Amino acid sequence: MPPKRRSKTRMSTSSWVKMSILNGSSHSLHTSITSLTQIWRERLEDERRRAESIQENTRIRALMAEAQLEAGENYVDTTSYDDTAPEYDHDDNGEMEELDSERLSSNFFQTCGLQHGVTIHKRQDVRTRSQRYRHTHDAWTHQMTALVHAYMSWKHRPPEHATDNQSQARDEHIFGVSVVGLLADFTPNMNVAQRPDEPANSALLRMGLLGCSPVQPTVAIHLTCLELYHQIRRRQSSFSIQSITKVLCALHNVTYSQHLRNQFSIAFDIYLEIQRLVQLQVDRALGKDHADWHMSGACPCCAFEQPNETPLNPRRLHSMDGNHSAKCLNGSGSADERVFNSKYFIPVAAVEHFRDDVHNRPSKHRSGETADCTENWTAAKSVEENKIFVFEQTGIFILACRHGFVECIAEMKQSGELAKYGLAATNRLLDVCGNDQALGHDIGCSSRKTIAASSIGAKAETLNLIVAVNSFHGYAHNCRCQLQNHPLYLEGFGNEDLETCERIFSSSNSAAVLIRHASYFHWKQFLDLHFDQWDHDKYLELSRFLSNNYVQALKIIGDYTPLLEEFKCRKSLTDQDFIQWHQEEAEFLSNSAVEPPSDVLAVAYVEELEKLHLAESKYGSVTSVPFLTYTPANFTQTSGLNASARRQSRTVEAEHMSALRRYELQMNVVDDFERRNGINERWTTAHPEYTQALQYARERHFIRTVEELEGLVVQRLFEFSKANLAGTGYKMRKHISKAIARRSATIRSALKKYNKLAPLQSPPRPILDYSEVVGYATLGEFSLLKYSRHDLLSKPWAVPDNREMAARYFKVVRSHEEIARLNVEIHRLDAWVEYDDAKMLEVIETLTVEEADSLLAAELRKQYIKWHRINNIHRHRLNKIRHLKGYSGPAAVLLHTNSVEMENSDDEREAVDLGENDELNDEAFRLEDAISRL
């Protein structure tokens, strides 16, 4: 009986013969000589194929081991080699798997499928997305030390030359990757030699590449490409990973797909982690790795104190504020469980420690001192009133020094700007920086009370913490608050405006558009990246900051001193008179802030009497209508009133009864008021108390009109500030523009009401023009318009010319303080650049002695070149400051030998740009100038 046809089975001839022999089937007796010859030929062919594919089989076994390692212990292989096997397209969460590149170890399954000639279906992965991310992250973490070493070897050692066709040793494993780079740096298949016990990405890093998968990379990206995006992202935070991926696709003529963006994102995250670990080694070698070093030593002008220097009080100037642009949606990227450790962010537990810490809540129990100027500030709330569940992070609260360095950040979680964030930042400031610190906040008047009522109140008082309001925001506070808390009137603050946070937010708002839907890890990572570059830029601008402020202070002194001397001679005044005016004004406003209870009672009584007089006059006008006797010619005894006469009679009667009821009701109200307050004799217009109370009531109405006008002007200022803020979107700008237009019309209406009442006051108030009201200066003058008692306008400090000169006097005083502080900071920066260069050279020499080919020494040497170049710029600018006319600081020191090689273009640019920063950034100072002029 002949054997069955092979078409009926899926076995080869040799397999059929072997099965026949093993089974003892009778089919083996009929095997022909031809079949045996065919078996022999197939065996030879099989041996030849086995000899050719031995390397491929070795690679398959390696892929199998790597796939199991990457998949983890929870993975179950459900790959089917049967045409009837079902396909699985969903994960456990019901989410569609979007990308083929998401499958772990896909090459292993594809290779097996191709060799066995079977149909490969998508496998079912029983792990959750969080488990997959966790396994991938663990795989990267285990090899991170090797990756850092490989990266530094590629960066600082000569490249290793090896051919693509043969490895340097027999035990090296060869695998292929697709390489993505810039311009022509795209290679579809590049062979990479992997050494024993070496991660695949370490082998890639030795060639200047970084894979997109931790264990089995099939795509690698050039480090030059990653570094280019790294530098772009540091300086332009709104340039997304999607944008750079689309750029690369356009350069390499590839259609963009989401999985390409994901691959680049994975590689970029690992590249940033490698950069952070390298910098951590550098900081450890330089002694900058302790937790508080950034806050205590990053700004040399604040922290690098020198022996025998002039003591400063306050020692350091800081500002803090919150911003709501850096939001992050609740639940966004929740599968990514990675934790980012940042040198900036205060731990959440340290912030929540102050959640219920405030005993005295200014938002509910305000004193008379701050009630007016914190009424419109949402930041003055000290407890959570409304939780925001849409966003997990609703913004950031930062603390920065006066030179612009970001010192610490608190993330605002599901809330607005609450007191706990300011308390956490203040507590960190006191713990790290110590005594005699000054802190500016836009609600400084309220923050001072909040700090005093908290658990750190005693520590703040012991360490002599000073809390002030910012310069620009201070003009939105009432006049009394400005006299007590504005930097212009605080000793030791110099010309500092304390508005550093606003400038920082103007820059960080560009990062907000890309982190709104990011995971918590990426939200914090990219904010950290932005602020790290911000601090680098601020270090570069340190000497420019000192130069600009020095020129500004000298200019104020030079311009205002002659005017003040001439004014004092003409008015027979001294400097003490200006100080006394300031004290008298503050005392007057403090006494006027609280309304006497007797005045409140008298005004309320007079208002009720006025209502009674109005009701009485109304009733009298109704009852005093004359009656005329008139008899029509056709009137008879049986005739009645016609319909119209009856209606008119009922109307008059209803009006009479209504006036009577109102009169009786108001009479009862007055009687009850007199009985409750012990008034035995009713006041009349002849009583002097009545006349005084009536006049005072009219003044109160005028004061409310002035306060309404003041509030509209403040809102307009804030809308202008927001409209000009960098990062404000087009729709928001249109909305703000419309609001400004409506506000202008409202201001004109309120101004018309004010001008109608102003001449009726005693003494008469000035008539204001619209251009004056919308100017910055009138904000500080509104309080003077409110009060007319005590002959206010005859006071010397209320005279406009005297007020203008008093403001100039305090500007001159603050400018002298600014120069004294700048002299100290110049000396600190001068000493720091010498110390920094010497320290780095010392560490480099030490590492080189310990290991001649030290990678860390090579990295330090590269960074030394960068920082030495910046330090030379500082030396050059500091030398130019010392040649300013009016410079009074320490004498010039011998410049470093390498610092004299400055480019001529830099010299010319530095000479022209001395005042650039003032013109662009010092908004608050320009506002103060406007006030002094008006």
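The model is predicted, so a few ground rules apply: local features need pLDDT of at least 70, side-chain atom pairs count only at pLDDT 80 or more, and totals for chains, interfaces and linings use all residues. Residues are numbered from 1 along each chain as its sequence is written, and side-chain values use heavy atoms, with hydrogens and water left out. Helices (H or I, at least four residues) and strands (E, at least two) are DSSP runs, numbered from the N terminus.

**Helix packing**

- Two packed helices are described by the angle between their axes and the distance between those axes.
- Here, axes are lines fitted to C-alpha atoms, for helices over the stretch in contact, and angles run from 0 to 180 degrees between N-to-C directions.
- Helix α21 (residues 542–571) packs against helix α29 (residues 800–850) at an angle of about 145 degrees, and their axes are 8 Å apart.
- The crossing of α21 and α29 is left-handed, a term that applies if the near helix is turned anticlockwise from the far one by less than a right angle, with right-handed used if clockwise.
- The contact of α21 with α29 is made up of 18 nonpolar, 7 polar and 5 charged residues.
- Helix α19 (residues 500–515) and helix α20 (residues 520–540) cross at roughly 150 degrees, and their axes come within 10 Å. That makes α19 roughly antiparallel to α20, a label for angles over 145 degrees; those under 35 count as roughly parallel, 65 to 115 as roughly perpendicular and the rest as oblique.
- The α19 and α20 crossing is right-handed.

- S510 sits in helix α19 and is partly exposed, at a relative accessible area of 23%. For reference, buried means under 20% relative accessible area, exposed over 50%, and partly exposed in between (1.4 Å probe, protein chains only).
- S510 and H530 are 20 residues apart along the chain, and their C-alpha atoms are separated by 9.5 Å.
- L488 belongs to the loop between α18 (479–485) and α19, and with 8% relative accessibility it counts as buried.
- A distance of 9.1 Å separates the C-alpha atoms of L488 and V813, which are 325 residues apart along the chain.

**The four-stranded sheet**

- Strands of a sheet pair through backbone hydrogen bonds, either parallel or antiparallel.
- An open sheet is formed by 4 strands in the order β2-β1-β4-β3, with mixed pairing. Two strands pair if DSSP finds at least two bridges between them.
- At the edges are β2 (187–194) and β3 (209–211), each of which pairs on one side only.
- On average, neighbouring strands of this sheet are turned by 45 degrees against each other, direction ignored.
- Strand β1 (residues 173–180) runs parallel to strand β4 (residues 219–222), and 3 bridges join them.

**The β7–β8 hairpin**

- Strands β7 (residues 391–401) and β8 run antiparallel and are joined by 7 bridges.
- The hairpin of β7 and β8 has 4 residues between the strands, and G404 in the turn has a positive phi of about 100 degrees.
- A400 stands opposite V406 in β8.
- Strand β8 (residues 406–413) has 7 of its 8 residues buried, so it is largely enclosed by the rest of the structure.

**Backbone details in loops**

- N313 and P314 are joined by a cis peptide bond, with omega at about 5 degrees. P314 lies in the loop between α12 (300–303) and β5 (316–323).
- N253 is not a glycine, yet it has a positive phi of about 55 degrees. N253 is placed in the loop between α9 (241–251) and α10 (258–286), and at 74% relative accessibility it counts as exposed.
- D436 is not a glycine either, and its phi is positive at about 55 degrees. D436 lies in the loop between α14 (419–433) and β9 (437–441), where it is buried with a relative accessible area of 19%.

**Cysteines**

- The whole structure contains 0 disulfides, where a disulfide is a pair of cysteine sulfur atoms within 2.5 Å.
- C212 is buried at 11% relative accessible area, and C249 counts as buried at 7% relative accessibility.

Technical notes
Ala, Val, Leu, Ile, Met, Phe, Trp, Tyr, Cys and Pro count as nonpolar, Asp, Glu, Lys and Arg as charged, and the others, Gly among them, as polar.
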